[in-house]
Amino acid sequence: MHQGGPVDLSPRRWFTAVLDGEVIVRLINGTARLAVAAGVRRIQLAGALVDPVALKATAELALACSSLLTTGLRDPRLDDLVGACEDTARAAEFRRAVQDFPHLMQLFAPIVCGLRRCGLDDPELRELTPLIQETYDQGYVAAVERTPSQTMDLVYALDRCQVRHGFPGMRSLLEQSIVGRQPPVGYLTDRDVYDMTHVLFAVCDMGLVVPPPLPAAVLTWSRRATSTLLNEYVKERDWDVVGELLLVCRCLDFAPEPVVSRAWRALREAQAD
């Protein structure tokens with residue numbers, strides 16, 4: 001476990017440090033505060049009342065767990081986290097919601113994608129893929145306006161669910177994104193930074209693809225931006241963004257010191273509060 005010294009951000013070791021905190025998933029995003037020491041409660045989907053915040057937390061949790069498991073990490077707490085996502089996906093209300101709420105496809109698809117990458121591929125869960133395909137084929141999902149980063153989030157999940165779609169490929173979407181356009185870092189807003197992190201999550205497969213599949217100029221800009229932003233957001237004590245930027249460091253196979261170690265220490269102290 002990380003004790004405050006330099007952090008090893010190599011793909012097989014980085015997520016081990018995540019488990020050093022009481023709240024595992026807080027590192028991924030502040031909305032996913034389901035993984036607490038007392039255990040994980042199941043997200044309830046009551047009939048047609050679908051809570052997008054709860055679904056977003058579940059989607060992030062499923063993707064985080066899949067990345068943890070893919071790196072080879074095994075921890076008893078991980079079983080509880082996967083189980084919470086699995087309970088939601090197996091609920092009859094979830095299946096109805098996939099068909100009735102196409103505007104939430106960017107949340108449904110990552111949950112199914114994450115569970116499949118966790119190794120859960122039984123017939124019951126496999127039935128969700130044709131449901132997602134059927135909902136996509138109705139035309140609404142493809143017609144909705146999205147930013148490039150939002151589209152990349154969705155394409156990432158659809159591709160890994162083996163859902164056929166008509167969206168551009170990742171390379172084309174990257175060129176259109178804030179990362180591909182490489183704006184001056186000093187002008188980036190909080191929204192811009194979230195877009196940047198999600199573009200890099202999608203392109204780099206949450207850090208599981210090494211070396212990062214980015215053009216040289218884009219990789220250079222991304223590393224410089226991440227180092228600068230990580231230092232600024234630690235100063236602002238914005239732990240949601242700090243967590244996302246630490247994950248971006250893993251995606252970029254990059255550990256700028258001393259800012260990374262400082263960010264880890266500050267994040268651990270904030271979680272302990």
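1. In which helix is serine 66 found? Serine 66 lies in helix α2 (residues 52-70), where helices are DSSP runs of H or I with at least four residues, numbered from the N terminus.

2. The model is predicted: local features need pLDDT of at least 70, side-chain atom pairs count only at pLDDT 80 or more, and totals for chains, interfaces and linings use all residues. Residues are numbered from 1 along each chain as its sequence is written, and side-chain values use heavy atoms, leaving out hydrogens and water.

3. Serine 66 has a relative accessible area of 2% and is therefore buried (under 20% relative accessible area, 1.4 Å probe, protein chains only). Setting aside residues up to four places away in sequence, serine 66 touches Gly114, Arg117 and Cys118; contact means heavy atoms within 4.5 Å.

4. Helix α4 (residues 92-100) and helix α5 (residues 105-117) have axes that come within 10 Å and cross at roughly 130 degrees. The axes are lines fitted to C-alpha atoms over the stretch in contact, with angles running from 0 to 180 degrees between N-to-C directions.

5. Phe94, Arg95, Ala97 and Val98 are the buried residues of α4. Viewed down the axis of α4, they fall within an arc of 160 degrees and so line one face of the helix; the arc is that of the directions from the helix axis to the C-beta atoms. Their cover includes α2, α3 (76-90), α5, α6 (123-126) and α7 (128-137).

How values were computed. Helices (H or I, at least four residues) and strands (E, at least two) are DSSP runs, numbered from the N terminus. Buried means under 20% relative accessible area, exposed over 50%, partly exposed in between (1.4 Å probe, protein chains only).
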